[in-house]
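Have a look at the fold before you start.

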Amino acid sequence: MLEDTDGDGAADSSHVFVQEPGLISPLGVAVIDNQIIVSQPPDMIVYTDVNRNRKFETGIDKREVLLTGFNGQNHDHSLHSISPIESPHRMKPSEII
Ligand SMILES: [Ca+2]
Ligand SMILES: [Ca+2]
């Protein structure tokens, strides 16, 4: 994860949130509050940093497949980027299903 802590438009810190053998070639990542959404066909995965320490910890934080069934597995012709939309009616990923 890259972070712009001083708001100048350039990332000035980075850290690894999660590593797992199944994450081979994520094609999109979005951070919305304490949820990290990763697109990696056939799945769209949501990691929730429950204790908000910016690290994924099994048994504390949550990992769930929000959507699945996208064609193609780890190739470029399938599910791609995910963008948070600024809206007063924006739903949290946990509210979509
Ligand atoms: Ca910066
Ligand atoms: Ca955590």
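A residue counts as buried if 20 or more other C-beta atoms lie within 10 Å of its own, as exposed if 12 or fewer do, and as partly exposed in between, with C-beta atoms placed from the backbone. Val46 is buried because 22 other C-beta atoms lie within 10 Å. In the protein of 97 residues, buried residues make up 12%.

A word on conventions: this is a predicted model, in which local features need pLDDT of at least 70, side-chain atom pairs count only at pLDDT 80 or more, and totals for chains, interfaces and linings use all residues. Residues are numbered from 1 along each chain as its sequence is written, while chains are lettered from A and ligands numbered from 1 in the order in which they are written.

**Overall layout**

The protein has 1 helix and 6 strands, and along the sequence they follow the pattern β-β-β-β-β-β-α. Helices (H or I, at least four residues) and strands (E, at least two) are DSSP runs, numbered from the N terminus. Two residues are in contact if their C-beta atoms, placed from the backbone, lie within 7 Å. Of the contacts with a separation of 6 or more, 42% are between residues 24 or more positions apart.

**The sheet**

An open sheet is formed by 4 strands in the order β3-β4-β5-β6, with antiparallel pairing. Strands pair if DSSP finds at least two bridges between them. At the edges are β3 and β6, each of which pairs on one side only. From one strand to the next, the twist averages 20°.

| Strand | Residues |
|---|---|
| β3 | 28-32 |
| β4 | 35-40 |
| β5 | 43-48 |
| β6 | 62-68 |

Between the antiparallel strands β4 and β5 there are 6 bridges, and Ser39 stands opposite Met44 in β5.

**The core**

A nonpolar core is a set of buried Ala, Val, Leu, Ile, Met, Phe, Trp, Tyr and Cys residues joined through C-beta atoms within 7 Å. The largest one here has 7 residues: Ile36, Val38, Met44, Ile45, Val46, Tyr47 and Leu79.

Which residues does Ile45 touch beyond its neighbours within four places in sequence? Ile45 is in contact with Val38, Gln40, Arg63, Val65 and Leu66. As for Val46, which lies in strand β5, its C-alpha atom is separated by 6.5 Å from that of Gln35, 11 residues apart along the chain.

Note on methods:
Axes are lines fitted to C-alpha atoms, for helices over the stretch in contact, and angles run from 0 to 180 degrees between N-to-C directions.
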